[in-house]
Protein chains: 2
Amino acid sequence: MESEAKQIFDDYIRERGLKGTAQRDLILSAFLSTEDHLTAEDIHRLVNDSVSHNDFSSDKKHGVGFATVYRTMKLITDSGLAREVIFGDGVSRFEHKYGHPHHHHLICNGCGEITEFSSQKMNEVEKHILKKYSFKAESHHFKIFGLCKNCEESRNQEKQKKSKKNKKMYQEDK
Amino acid sequence: MESEAKQIFDDYIRERGLKGTAQRDLILSAFLSTEDHLTAEDIHRLVNDSVSHNDFSSDKKHGVGFATVYRTMKLITDSGLAREVIFGDGVSRFEHKYGHPHHHHLICNGCGEITEFSSQKMNEVEKHILKKYSFKAESHHFKIFGLCKNCEESRNQEKQKKSKKNKKMYQEDK
DNA sequence: ATCGAAATTGATACTCATTCTCAATTGAGA
DNA sequence: TCTCAATTGAGAATGAGTATCAATTTCGAT
Ligand SMILES: [Mn+2]
Ligand SMILES: [Mn+2]
Ligand SMILES: [Zn+2]
Ligand SMILES: [Zn+2]
């Protein structure tokens, strides 16, 4: 769980002769506090909100900077705790890697909801492709964009409204 | 073939009350001239190189601008001729859509080579996933990053060289 | 507990792909 | 040919992420 992850990061830091800092602790805790796919901005907000709530000392100079968030997320990724995911909207996201087996994503174009899935059959098909092309995979990611159940239903309701409206307008035209 | 594609673009342009221009012709021709996955920069270069080679009039003011390349590739994409692909290296690429059935990609981290593949079995697995999650797919893309056959082989040769070198240094240490 | 070299930090400047703005130019229907 | 909306290129603007650097902090050695 969380303490194991913190241990892993701590080990990683020491092995490299790096230093433990309050900022790194805050950022790692924020990252570990959810199961979401977080952007650097998300993490920056989480960190600085939690700081301003918890630390009410009046001599607080400034929050954790964006550069530190990016730098630390790189370390967390390199330590094996995080994986960077790119959904193609121009922002990187980070998700848990430790204790979370590899999986793929369904991304809703309506509400942004992200659903994870994995499939043994898909792994087998992939293996077959790799052999066919003599390709050595280092990473792989299947992304499916579309509409989640909720968004699909609301879209259909929208359509129905519009078609009623159109019918009405047509009658008024007579 | 190419003329069909140009006809489709022409129709698209007229339907919308847009105008045909020399720039749009050049950009579309450049895009159609290869089967590659082109960046806006690639297309810009293709267009301006071909212009300076073919059109040697000395009163040529300037080449086609980047903004026009981006704007026109958006039109070409909307017309259904192109598809935008995002490999996650920070640049968008465009590939043929017309006459090119949907497929996925193997991307070599060594030389950048892109190999296309498709798999009926994978489509079936995907369909199963979509049903399971009640998700309505609008687009989907499986990307596999790694090393192509060539790059994998050269990497192994590198390894062998290094191991020889290390052995030699070890002996010299004695 | 103190010291000091080395690592870290936040602010800010910068990069780079892409989009926006706008004055000048061009296309095509009347 | 006229006219006017669409288009263009240059350059400014944007936005995510990175590099720089002086000031601060960490932590092992004293
Ligand atoms: Mn995930
Ligand atoms: Mn392709
Ligand atoms: Zn949704
Ligand atoms: Zn290669």
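1. A polar contact is a pair of N or O atoms within 3.5 Å; within protein, one atom must be able to donate a hydrogen and the other to accept it, and residues adjacent in sequence count only if both atoms are side-chain atoms. In this predicted model, 14 residue pairs are in polar contact between chain A and chain B, both residues being at pLDDT 80 or more. For salt bridges across the interface of the two chains, the rule gives a count of zero.

2. The extent of the interface may be stated next. On the side of chain A, 37 residues are in contact with 37 residues of chain B. The area buried between chain A and chain B is about 3000 Å², and carbon and sulfur atoms give 69% of that area. Within chain A, the residues that lose the most area to chain B are Phe135(A), Lys136(A) and Phe142(A), which together make up 19% of what that side buries.

3. Which elements of chain A each supply at least two residues of the side that touches chain B? They are the strands β4 (104-108), β5 (114-117) and β6 (136-147), together with the helices α5 (120-133) and α6 (149-173). The most is given by β6(A), with twelve residues. By residue class, the side of chain A that touches chain B divides into 17 nonpolar, eleven polar and nine charged residues.

4. Strand pairing also crosses from one chain to the other. β6(A) is joined by eleven bridges to strand β6 (residues 136-147) of chain B, and the two strands run antiparallel. Phe142(A) has Phe142(B) of β6(B) opposite it, while Lys136(A) has Leu147(B) in β6(B) as its bridge partner. Both Phe142(A) and Lys136(A) are also among the residues of chain A that lose the most area to chain B.

5. Within chain B, β6(B) has a further pairing. Strand β4 (residues 104-108) of chain B is joined to β6(B) by four bridges, and these strands run parallel. In this pairing, Leu106(B) has Ile144(B) of β6(B) as its bridge partner.

Note on methods: Residues numbered from 1 in each chain as written. Chains lettered and ligands numbered in written order. Predicted model: local features only at pLDDT ≥ 70, side-chain atom pairs only at ≥ 80, totals over all residues. Heavy atoms only, no water. Contact = heavy atoms within 4.5 Å. Buried area = accessible area lost by both parts, 1.4 Å probe. Salt bridge = Lys/Arg side-chain N within 4 Å of Asp/Glu carboxyl O. Nonpolar A, V, L, I, M, F, W, Y, C, P; charged D, E, K, R; others polar. Pairing = 2+ DSSP bridges.
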